[in-house]
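Subject: Structure for you to look at

Hello,

Here is the structure I said I would pass on. Please open it beside this message and follow along; my notes come after it.

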There are 2 protein chains.
Amino acid sequence: MEEVVTRAIQDDYPDDFAWCYGCGRLNESGHHIRTGWQGENTVTIFEPKPEHMALPGFVYGGLIASLIDCHGTGSAALALHRKNGHEPGDGSEPPRFVTASLHVDFLKPTPHGVPLKAIGTVEEIHPKRWKVNAEVYANDTLCARGEVVAVVMPNTFVRKDE
Amino acid sequence: MEEVVTRAIQDDYPDDFAWCYGCGRLNESGHHIRTGWQGENTVTIFEPKPEHMALPGFVYGGLIASLIDCHGTGSAALALHRKNGHEPGDGSEPPRFVTASLHVDFLKPTPHGVPLKAIGTVEEIHPKRWKVNAEVYANDTLCARGEVVAVVMPNTFVRKDE
């Protein structure tokens, strides 16, 4: 049975913050990465497109980095939202995080043509700064491990033309 | 005057290894990232597409990670190729690297709509394992700093169906 994320934090981002190429639901050309809770862990399931290859048969590392990036900001948003007493789908706007740093260790070549699953554990290191550790699996094989430090979006993320 | 990379290592990758979504010249849907020498440094110039946004006005971090990733493998290939007595365009096939680890520190929101420039410094830490430090500039502003550990492509990168 195919696993799906039924309630994702990205579904609830305010429209103004839903344009991310990785995870914005309003970006028509984007990846539409979606992240939800699975018990105390966060989970993202994403199947790369045929062109997202490193070599034929293997997933492009930059796409795995993108998956971990948006899984990280989404996981941090889930965690702070829960700390504030909210869950995805409850009608309240979640916080929006950006990435301060991203680290990926590529452990094994990642096979193409199967859904990838990122599992996250989230840790608060400051009220506005959260760390997310992620493991990326393909067919139950651990292929990459990542760490994201995510911060609540600062005011510097305002369009210069506004 | 717009800067361009005239001789890129990716132009010389063997056809079988030129399919990367980030930097493969044969991947029609890919980014076509190209990396060349600039004195003792390596350089990649890449302009994100309109959809590659985090928010309107700012570049998606996963794309910056992808730029650093392919800039890293390309820089390592340039350096080992030069160590072997070759330069891009001299008719010899360069080595092909894959990424072992990728780290990105996002220093400032990266403005959209201008070419990004990655500048690399390459260090041999083992004959088959090279470290690339990268700085990513937009309009001469340092927006991100990255580190890639790249290794000569192992035999595990062979299609399972072959």
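I will start with one residue. A:Ile45 counts as partly exposed because its relative accessibility is 24%, and a residue has to be under 20% to be called buried. Please keep in mind that this is a predicted model.

A:Ile45 sits in strand β2 of chain A, which covers residues 41–46. Which residues does A:Ile45 touch, once its neighbours within four places in sequence are left aside? They are A:Glu3, A:Val4, A:Val5, A:Arg34, A:Pro115, A:Leu116 and A:Lys117. A:Asp140 is 95 residues from A:Ile45 in sequence, yet the two C-alpha atoms are 12 Å apart in space.

Next, the helix. α1 of chain A runs over residues 61–83, 23 residues in total. From first C-alpha to last, α1(A) reaches 33 Å, close to the 33 Å expected at 1.5 Å a residue. Is this helix mostly covered or mostly open? It is mostly covered, with 21 of the 23 residues of α1(A) buried. Just after α1(A) comes A:Gly85, with a positive phi of about 90°.

Then a loop. A:His112 lies between β5 and β6 of chain A. A polar atom of the A:His112 side chain is 2.9 Å from the backbone oxygen of A:Lys49. Apart from neighbours within four places in sequence, A:His112 is in contact with A:Pro48, A:Lys49, A:Pro50, A:His52, A:Met53, A:Gly57, A:Phe58 and A:Val59.

Last, the two chains together. Chain A and chain B each put 39 residues into their contact. About 3400 Å² is buried between chain A and chain B, and carbon and sulfur atoms give 65% of that area. Three residues, A:Tyr21, A:Leu55 and A:Tyr60, supply 19% of what chain A buries against chain B, more than any other three.

How many salt bridges are there between chain A and chain B? The count is zero. Polar contacts are found, however: 15 residue pairs across the interface of chain A and chain B, both residues at pLDDT 80 or more. On the side of chain A that touches chain B, β3, α1 and β5 each supply at least two residues. The largest share, eight residues, comes from β5(A). By type, that side of chain A divides into 21 nonpolar, 11 polar and seven charged residues.

Regards

Terms used:
Residues are numbered from 1 along each chain as its sequence is written. Chains are lettered from A and ligands numbered from 1 in the order in which they are written. This is a predicted model: local features need pLDDT of at least 70, side-chain atom pairs count only at pLDDT 80 or more; totals for chains, interfaces and linings use all residues. Side-chain values use heavy atoms; hydrogens and water are left out. Helices (H or I, at least four residues) and strands (E, at least two) are DSSP runs, numbered from the N terminus. The expected span of a helix is 1.5 Å times one less than its number of residues. Buried means under 20% relative accessible area, exposed over 50%, partly exposed in between (1.4 Å probe, protein chains only). Contact means heavy atoms within 4.5 Å. Buried area is the accessible area (1.4 Å probe) that two parts lose on being put together, summed over both. A salt bridge is a side-chain nitrogen of Lys or Arg within 4 Å of a carboxyl oxygen of Asp or Glu. A polar contact is a pair of N or O atoms within 3.5 Å; within protein, one must be able to donate a hydrogen and the other to accept it, and residues adjacent in sequence count only if both atoms are side-chain atoms. Ala, Val, Leu, Ile, Met, Phe, Trp, Tyr, Cys and Pro count as nonpolar, Asp, Glu, Lys and Arg as charged, and the others, Gly among them, as polar.
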